[in-house]
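Here's a quick tour of one protein model. Have the viewer open and follow along.

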Amino acid sequence: VAPSADPDAASLQRGVQLAVAEADTPDAPVALEVRTGSGQWGSVGNDAVTLVCERRVDGLVAPSDGAATHLILQVSGRTRAPMATVCADSSVTDAGVIWAVSVVPRTDLAAGALFAAARRPDRAPLHWWAFVPVGHPGKMIRRDLESAARAAATPLDRIADIDPKADVAALAQSVAGAAPDGVLLWLPPERAGALAAALRAAGYGGRLAGPGALDSSAFAAAAGSAATGMLVAEFQMDAGARDRADRFIQQFRQRYDARPDFTAAAAYDAARVLIDTLRRAGDSATYRQFPLTVPTAGVTGAVNFDALGNRVDALQVLTCRDGRFIPVSPNGT
């Protein structure tokens, strides 16, 4: 389910399409159905019901939007159709549907990794601000960021909801005037990039950080030179993941004439998790395979889960250099 109104809908759909195309063979066919309806209480839930109850799909991939994912989660919980999501809200896996898994870093854990990477042991903790989307998505992100700040004993002095029509130049001036040590841009990539550019134009010189979804061409294009030094948290690569990622990038470019972003890679891994689990289940009920104990060789690293469906692989912090995100060195540069 890839709601057309979501900023990452195209990346989600393309990542899943590529995974299905690679896995589909005459002896073990795999098919994909896509629904693109939007609406917090309407078509997303209806699409999930249609897919499971009428189209008899065997698994669901849910988007990054928390409200949409929770609607799909309700359908998964009642029908026992496995679900893999690229939503980072801790509330998804905390819901207790054990056949629902998240393949992206939880917001609270990603923020904790960013706080740790930006902090210097010989100095007091940095003071942060955060910008989150308005409405339900921002509410869930706010809760997770506050939890991360408490766990890290890091001051998160202000969390501001950003309306899509908000004047980013005015917002940037208010941040520059207050001069927090760091700003978390927990926003869709294009919006985060525009705010990053406005912050640097306003003279703000502190840290900028955000979720792995900002590892995208949309963020880089909107931020321009302001992308330099941006921090994001992603999963560490295992021994074979670099080769898998390189093949994925090549195949993605051949198919779509574009470089995949983090969301596309995560969506690919979400589909691979479901496909691998369905094949292991064979003719038995797939939900009985959960909690998952067999890792999936993903393009974002080896994919492992705990009993609640949280991905448990180690995180790394990356910084943007020349439009590309690379791992932060041990000394924090």
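Predicted model: local features only at pLDDT ≥ 70, side-chain atom pairs only at ≥ 80, totals over all residues.

**Helix α11**
- α11 covers residues 262-281, and its 20 residues reach 29 Å from first C-alpha to last, close to the 28 Å expected.
- Most of α11 is covered, with 16 of its 20 residues buried.

**Nonpolar cores**
- The largest nonpolar core counts 55 residues, and Ile 72, Met 83 and Val 103 have the most contacts inside it.
- Elements giving two or more residues to this core include α1, α3, β2, α10 and α11.
- The top contributor to this core is α11, with 11 residues.
- Leaving aside neighbours within four places in sequence, Met 83 touches, among others, Leu 60, Ile 72, Trp 99 and Leu 274.
- Another core lies apart from this one, with 28 residues, among them Ile 162, Val 183, Ala 198 and Leu 199.

- Most non-glycine residues have a negative phi, and most peptide bonds are trans.
- Ala 153 has a positive phi of about 50 degrees; it sits in the loop between α6 and β5 and counts as exposed because its relative accessibility is 54%.
- Ala 179 also has a positive phi, near 55 degrees, in the loop between α7 and β6; at 48% relative accessibility, Ala 179 is partly exposed.
- The Phe 290 to Pro 291 peptide bond is cis, with omega near 0 degrees, and Pro 291 is in the loop between α11 and β9.

Notes. Residues numbered from 1 in each chain as written. Heavy atoms only, no water. Helix = DSSP H or I, 4+ residues; strand = E, 2+ residues; numbered from the N terminus. Expected span 1.5 Å × (residues − 1). Buried < 20%, exposed > 50% of the residue type's maximum accessible area, 1.4 Å probe, protein only. Core = buried A, V, L, I, M, F, W, Y, C linked by side-chain atoms within 4.5 Å. Contact = heavy atoms within 4.5 Å.
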